[in-house]
Structure formats: structure tokens, C-alpha cells
Amino acid sequence: MPENAAEYVFVNGSVFTSDRSNPLVDSLGIKGDRIIALGDAMDVSGPKTEVIDLDRALLTPGFIDAHVHVATSGLDKLRVSFDECDSADDAVAAIGRYASENPAASWIIGSGWSQAWFERGCPSAEALDRVVADRPTLVWNRDGHGAWANSTALAVAGITFLTPDPADGRIERLANGSPQGTLHEGAVQLVEKHAPADTVDEFVRGLLRGQEEMFRFGITGWQEASVIPPVQEAYLQVAGSGRLIGDAVGALWWDRHRGIEQVEDLLERRTRSAPRFRPTTVKLMLDGVAENYTASLLDSYLDGAGSTTENTGVDFINPEELKQIVSVLDGHGFQCHFHCLGDRAVRSALDAVEAALSANGRNDNRHHMAHLQFVHPDDLPRFAQLDAVANAQPLWACADEYQLELTKPFVSAERYGWQYPFGSLLSNGATMAMGSDWSVSTANVMEEIAVAISRRSSDEGEALGLAEAISPEAALTAFTMGSAFVNHVDALRGSLVVGKKADLAVFDRDPFQDGSFREAKVKFTMVEGVMVYES
């Protein structure tokens, strides 16, 4: 019997390690929180070792989600649920049910409806008034770049046909100029500032619920993509009480309505960390989304009939100012996490990182750019040149309703072909991480990988830029070692290597054998050798 016998040994499986030197083995041994054997795991078995027969199924490193909203999305799960909705009528009914079940709520707040359910992606106040007329109601859409308000909420905010659009948003209007009920980007704040703010206690509940969702899909670590002060407090409370099990990095929110003076606040907030929570990143929102024409483009949007418009989207942060901001943050050792969908926003982010390198020299901050819907071909090699990580959300790289109805008619054919260039980024030497952006998208990693390798929303769906498809191995590596690199935990997590933390996910099949990634389900998830989820 070995002196250092394993507590668990997994045998008879397909163990994908995310380690290029030893990518696939058949067994693995764990003692305490560490991996102690690979490929010869039976050699570390003892009389008390629990031997788990994988029955030829897949075992992977625990996934790390490089762009997710665990606390807020978990809180959304406790409010209006759109999980069973497929249409505008379903969405209206769901909001009505929630309002009826919560008569004491002074406001009806929620998130998660799909723009694809509504004409032009814009639901009306009138439709919402039919089910909630007595209380102000504000419900964010799935991607968080717009919201649906009823007439009471618009009245509380004083929004009329005379109300100008804010500089960073747009009020959708009826023919007479009065508000229609949909608010885009910064216009949502006109209503939201009147609603009761989410409390730390609510975010604690949301974080705990969200953590459950992470484990259900084999995710053992993540980067929380927009950490406002009460979300940080929730993390500190949950971590301080020992209930934060996943390993998390927090991206502190950059307030685009303030200036460089806020760096001092961010430096103070960075000191407030806890076990398994490190607020070492700053989230910079550069543009909006293509579906409401606020993603920042190098050329104009079309009008839907093929003619150009004067609209090129919105820069939430002036590109020249961004260079200064990123140089200062980089100089203080912050990692920058950019939201950039449009090709102009992507270029602005790359230019800012280049300016920081010029000002401060190369370092190990590992700045990363999330979403990358449109990337100009000239900018593809710059990711590797600048050590900028491509942070991809693969579920969007398919010809779904958002693409066919809300994007394709409004951009040029050339630009439509530049979308989500995962293959080109990798072939140009970029390091790639992946994230779900849950609850904008499902947190189901295997569904996301299925899209990354097929560029289709279903097995029969239309492909979007099939030449940009990547291999299952590349997608799994991005969701493990790529994201571990982003979170600065690649020395301890992200691959199955002797001595590393025993974070792993076990599935009900081996989709490498038959391509059934969409159908693969997590059987159980381990964090540091402890079972945290069993189906």
C-alpha cells in the first residue's frame, strides 16, 4: 500500500488535462486539495481510497468563466423568471405573475427578456401596463444594455416627449416623440435612479444562488465582470463566512461619468480582498451592443434597407482619454477588462493597451478584451503583439434571431463576415480565454463549446462564419487554462497536473467520441478535492 494513498481515484475515463505536454490520460488521483497522480492513478490507491469508475466518460479541469455576473445573475434568478419564456406574450405573462405574487413590492424589478421576442427588439410600455399598472416596473433585457419600463415608471422619472436623450443612451419613441417604453444604454438610468437600490443582503443571496449555478455546469472559478461597491461587500461577507467556494477575481466597475480621480477609490477597494476573492481588475465599458446600434463601429450602420446612416455607435469613453486611463491603471498594477463589441471599440482598447506599454513597459497585468463581435482584420495580430487576451463569449457566434433580424440588416456584408473571429485570433497567436456572460447567455459551458466548434445555434442551424470555428480542444483550453491565465491562477488551476488544485468536472459521456457536446451534462463538480455539486 502506498504511503501517500489517494482519497479519490478516477479510472477508466477520458481525462482531458488542458496540459499540452500530456493532454489525455485515463485516470487521476487526488489527495486533499491536490492532484497526486495522472495516468497511473491506481498506483496511489489504498484500502481507504474511493475508486470512481468513469465508464469511459469525460473528466476535465474545472472550468473558469472569464466574464460572468454571478451575484447579479443569481439575484435575477430570485426575481422575475424568463427561463420558460419563448415569446413576447410569455414575457408579459411572467412579469404579471411575479407582480401578483409580490403585492408588497414597491417596484417590480427584473432582468432577462430577449430582444428577439419583440419587433425591432423594443417592447412597449402599453404591453407592460396591461399586467402592471399600479407600480413602477423596470425590467432589463438579457444583455443588460436596455430595459423595459411601464408608464408608471416613465412618469416617476418624468420622461416625456420633451426629455432629451442622454449622451450615452437613447429613449425609444413613438411617432409623436413620447416615450415608447424601451430605454437603451444610459437612458435606463433616468428611471433606475428612482428605483430602490439593491442591498448588500440581496447580493449575498444572489451570489450564493449564482455560485450554485456555476457548480452545476462544472465552473469552479470566475471573473465577476462588474463589481460595484455592494457586490464587493457581498463577496467579502460570503468569503468571510467561508461560503465562497469558487475562486473569484472581481473586476471593479469604472464609472464613465467620473474621471481619473476615481483611481484612488479603486486602489483603496483593491485592498479589501478575502480568501478566494481578489478585486484586482478594473472593468471598462467602451461601447454598447449591435442590436440597438450602440456598438462602436469604424463605419456607419445601415438603415435595414441597405443605405448608410450617420450612426457609427457610441464611445462611452473617449479613445484619447482611454489611453490615459489605461496607462494609469496599468502603472498601478491593475488588470483592465474591456467590454468592446464594435471594431472601433476593439481598436480603441488595443490602442490604449499599446499606450500603456509605451508608458510603463511590459508587465504581467494580462489585460483582456471581452465580446469581440466585430474585429477589423488589421487588428487581429495586435492581440499577440500587445499581450492582450481575447476573451470570447462563444454562444453568440451563430446565426440566431439576434444575428439574422437585429444585426445582419444593419451592417455591411463585409463587416458581417468579421464577427467573432476565434479561429483567426488563434492563428495570429492570441491567447484566448472564454466566458459565458451569464445571465446574458447560459452558463452551460458545453453548449458554448458546441457553438465555438460548429458556429451553429443547433445541429441544424445556419452557420455564422464557419471558417472561424475552432477545435473542441482549443475551446476547452480557452475555458480552462486560458481563463486561468486571465485570473493569474494558471500556476495552481486550469489544468490537471500533479501538484495543482483538484478542481474538476465529470460528465455523463465523452462528447469527443460522437460530438455530443450540446447534450453533455455534468455529473459532479469538485473544488479543491471537495464535491460541491452532484447531479
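Tutor: Let's look at one helix pair and then at a few charged pairs. This is a predicted model, where local features need pLDDT of at least 70 and side-chain atom pairs count only at pLDDT 80 or more, while totals for chains, interfaces and linings use all residues. Residues are numbered from 1 along each chain as its sequence is written, and side-chain values use heavy atoms, leaving out hydrogens and water.

Two packed helices are described by the angle and the distance between their axes. Here, helix 9 (residues 319–331) and helix 10 (residues 343–360) have axes that come within 8 Å and cross at roughly 45 degrees.

Now for the charges. Arg209 and Glu213 join their side chains in a salt bridge, 3.5 Å from N to O (a side-chain nitrogen of Lys or Arg within 4 Å of a carboxyl oxygen of Asp or Glu). They sit four residues apart in helix 6 (residues 200–216), so about one helical turn separates them. Glu213 is buried, at 5% relative accessible area, while Arg209 is partly exposed at 24% (buried is under 20%, exposed over 50%, partly exposed in between, using a 1.4 Å probe and protein chains only). Asp379 and Arg382 also form a salt bridge, with their closest N and O atoms 3.2 Å apart.

Key. Axes fitted to C-alpha atoms, helices over the stretch in contact; angles between N-to-C directions. Helix = DSSP H or I, 4+ residues; strand = E, 2+ residues; numbered from the N terminus.
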